[in-house]
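Me: I'd like to go through this model with you, one question at a time. Here it comes.

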Amino acid sequence: MCYVIITCRSLGWTLLSIAVALIIVTSVVSPYWLIGIPTSYGLDSQNESIKQSREEFIPTVGIFNRCRKLQRGLSLMKRENCATFVTGYTDPDDDFPHAWKAALVFFAIAGLLLSFAMILAVLSLFVRSFFGKSIFTIAGLVQSIAGLLSVLGLVVYPAGWGSDRINRLCGEYANPYIIDRCELGWSFYLCVVGTVLVFLCSILSIQADHSTTSRKVEEEVLEGKNLICVI
């Protein structure tokens, strides 16, 4: 017989599992890991009208993509142009730092694992075991591994700050783990928050497992109920 068991802890863990997967993926694909120094376009001239036409914008860069404004004549287009700067994993280190390549691999694997854990979390409402093991235990273990991979990605990522691409964006004194005049963007901080929540999810999976095997749940199962909701 199929039972749908929902408790506050299991539902909270399921929702958080979905949220952390989306947070990590969103942070990795966003081009706002580094906020560059203001860059101006236009021509230097004694003509005051040309001076006034000079415009500034703040370029940003992610792990594999960047945002900038395209120039048309002496003026900038109002819309930001965001696109990948990567043509392949064989790109030279100065264009696509090897550290960023490694970080992208770590985050990609972590994203896949978190997606798998998210599916298990949703299935946990209907299924208690997976290949003879508690589905909560398996999902929690997968989330722990994904969290470790995300930490590795965050640690490796700053090692690429010494490339020519970052020197042009942040200044000539940018080096591995030294950001010079750039600032960390919201994508980086979002990834840090997501990584912390991933470990929190792996811990909550244990509580979610215990809540679905409590005495109150067992009593309702014995009563023949198919939909069991326990606060």
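Me: Which residue lies over the face of F85, and at what distance from the ring centre?
Reply: Bear in mind that this is a predicted model. For a charge to sit over a ring, CZ of Arg has to be within 6 Å of the ring centre and within 35 degrees of the ring normal. An arginine lies over the F85 face here: the residue is R165, at 4.0 Å.

Me: And how are the rings of F85 and F96 arranged: stacked, tilted or edge-to-face?
Reply: Their centres are 6.1 Å apart, and the planes meet at 80°.

Me: What about W33 and F107, what kind of aromatic pair do they form?
Reply: There are 12 aromatic pairs in the structure. For W33 and F107, the centre-to-centre distance is 5.8 Å, with 55° between the planes. Stacked would need under 30 degrees and edge-to-face over 60, so this pair is tilted.

Me: How many residues apart in sequence are the parts that W33 and F107 tie together?
Reply: W33 is in the loop between helix 1 (8–29) and strand 2 (34–35), whereas F107 belongs to helix 3 (residues 98–123). Their pair therefore ties together parts whose separation in sequence is 74 residues.

Me: Is W33 buried or exposed? And F107, buried or exposed?
Reply: Buried means under 20% relative accessible area. W33 comes in at 0% and F107 at 2%. So W33 is buried, and F107 counts as buried.

Me: Over to the surface: how much accessible area do I119, V122, L123, F126 and V127 have together?
Reply: These residues form a nonpolar patch on the surface. One of them, F126, is in the loop between helix 3 and strand 8 (129–130) and counts as partly exposed at 43% relative accessibility. Together the patch residues have about 390 Å².

Key. Residues are numbered from 1 along each chain as its sequence is written. This is a predicted model: local features need pLDDT of at least 70, side-chain atom pairs count only at pLDDT 80 or more; totals for chains, interfaces and linings use all residues. Side-chain values use heavy atoms; hydrogens and water are left out. Rings of Phe, Tyr and Trp (its six-membered ring) pair if their centres lie within 6.5 Å; planes under 30 degrees apart count as stacked, over 60 as edge-to-face and the rest as tilted. Helices (H or I, at least four residues) and strands (E, at least two) are DSSP runs, numbered from the N terminus. Buried means under 20% relative accessible area, exposed over 50%, partly exposed in between (1.4 Å probe, protein chains only). Patches are made of residues with over 30% relative accessible area and no salt bridge: like charges are joined within 9 Å, nonpolar side chains (Val, Leu, Ile, Met, Phe, Trp, Tyr) within 5 Å. Accessible areas come from the Shrake-Rupley method with a 1.4 Å probe; for residues, only the protein chains shown count as cover. A salt bridge is a side-chain nitrogen of Lys or Arg within 4 Å of a carboxyl oxygen of Asp or Glu.
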